Amino acid sequence: MTQSFSRIFVRGETSFGFWNTATKFVAVINSFTVLASLTLFQFGLYQVLLASVSLASILLFGGLDGVVFNDVIRFAHEGEKEKSKTLFSEYAVFKSITGILLSLIVFMIGVWTSRNYDHDIGVLAQILSSIVFLDGALAVVQVFLRSKLRFSLIAMQGFIQETVKLLLLMTFLLTVGITTRSVIVAHTASMAALFFYLLLICGNALRRELGALSSKLSVLWKVIRTYGKWAIARSAAKDFGTKINPWLIKIFISTEAVSLFSLAHGLIDLSHSFFPG
């Protein structure tokens with residue numbers, strides 16, 4: 001049993017190393033393709049809009065993901081499989097409902113912006129609104145895959161998303177041309193494609209883990225109320241500090257500087273993949 005887990009773990013680590021490097025290569029190609037097609041201002045605007053949606057995604061309580069994963073595994077290993085399934089089901093429902101509500105709020109903000117401030121920016125915000133729901137839905141699938149030790153599938157997710165985005169960008173480039181709207185459509189569509197691909201691969205297994213919501217006392221609420229709240233607060237503070245950067249650069253320097261910062265950040269991430277630790 002130990003050898004079997006060791007083989008799975010080593011294979012998973014190898015997959016992560018390979019797919020992470022491949023993902024970063026494709027991501028840099030995407031960034032250069034977009035930057036070559038858009039002005040610095042348009043690319044910076046794209047990054048600022050993404051950062052705005054990411055700030056909304058903080059309310060999905062990303063810090064809860066790791067806590068739920070640990071407890072799902074712990075309950076299952078302690079023989080409390082129903083409690084484990086109940087926790088995962090409550091978590092999935094919470095993420096889905098919260099994601100839908102936040103997406104609707106972002107969409108309505110986009111509608112208001114298009115009517116009262118800037119039509120184009122408002123439309124872009126409306127397109128991006130679905131990303132909040134997709135963030136939550138993909139987090140649920142991620143917890144499920146980790147609990148089932150599907151390391152290879154986890155590792156290749158970023159590559160799938162970036163490759164789909166690259167194909168869409170090439171399609172736009174050869175047909176209507178690349179604009180800020182087409183870049184945002186490609187980004188959103190690539191996330192949706194990844195989500196539906198994962199559902200196609202593990203949808204039946206995922207459904208078998210859901211549906212256990214009969215517990216009188218919410219297991220998820222108990223987790224949040226005790227030790228989960230600290231993980232949520234820590235993650236929210238960290239995410240806010242990172243995702244507010246594009247806005248700070250835009251406010252204190254310029255929108256164009258955001259594009260240069262984002263590209264430099266991508267190149268630094270790529271270089272780190274060759275020199276781990």
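The charged end of Arg146 lies over the ring of Phe69, at 3.8 Å from the ring's centre. Here a charge sits over a ring if NZ of Lys or CZ of Arg is within 6 Å of the ring centre and within 35 degrees of the ring normal.

A word on what you are looking at: this is a predicted model, where local features need pLDDT of at least 70 and side-chain atom pairs count only at pLDDT 80 or more, while totals for chains, interfaces and linings use all residues. Residues are numbered from 1 along each chain as its sequence is written, and side-chain values use heavy atoms, with hydrogens and water left out.

The pLDDT, which is the predictor's confidence in each residue from 0 to 100, averages 84 over the protein chain, and 88% of the residues score at least 70. Confidence is lowest in helix α1 (residues 2-37), with a mean of 73, and highest in helix α8 (residues 157-174), at 94. Helices (H or I, at least four residues) are DSSP runs, numbered from the N terminus.

Now to the rings. The whole structure holds 7 aromatic pairs. Rings of Phe, Tyr and Trp (its six-membered ring) pair if their centres lie within 6.5 Å; planes under 30 degrees apart count as stacked, over 60 as edge-to-face and the rest as tilted. Two of these pairs are set out here:

| Pair | Centre to centre | Angle between planes | Type |
|---|---|---|---|
| Phe43 and Tyr46 | 6.0 Å | 50° | tilted |
| Phe88 and Phe144 | 6.2 Å | 40° | tilted |

Phe88 belongs to helix α4 (residues 81-116) and Phe144 to helix α6 (residues 130-147), so their pair ties together parts that are 56 residues apart in sequence. Phe43 and Tyr46, by contrast, are 3 residues apart in helix α2 (residues 40-57), about one helical turn.

Phe88 is buried at 3% relative accessibility, and Phe144 is buried with a relative accessible area of 3%. Ring pairs also join Phe88, Tyr91 and Phe144 into a cluster.

Phe88 and Tyr91 turn up again in the largest nonpolar core, which has 59 residues; along with Leu87 and Leu145, they touch the most other members. Helix α6 gives the most to this core, with 11 residues. A nonpolar core is a set of buried Ala, Val, Leu, Ile, Met, Phe, Trp, Tyr and Cys residues joined through side-chain atoms within 4.5 Å.

Notes:
Helix = DSSP H or I, 4+ residues; strand = E, 2+ residues; numbered from the N terminus. Buried < 20%, exposed > 50% of the residue type's maximum accessible area, 1.4 Å probe, protein only.
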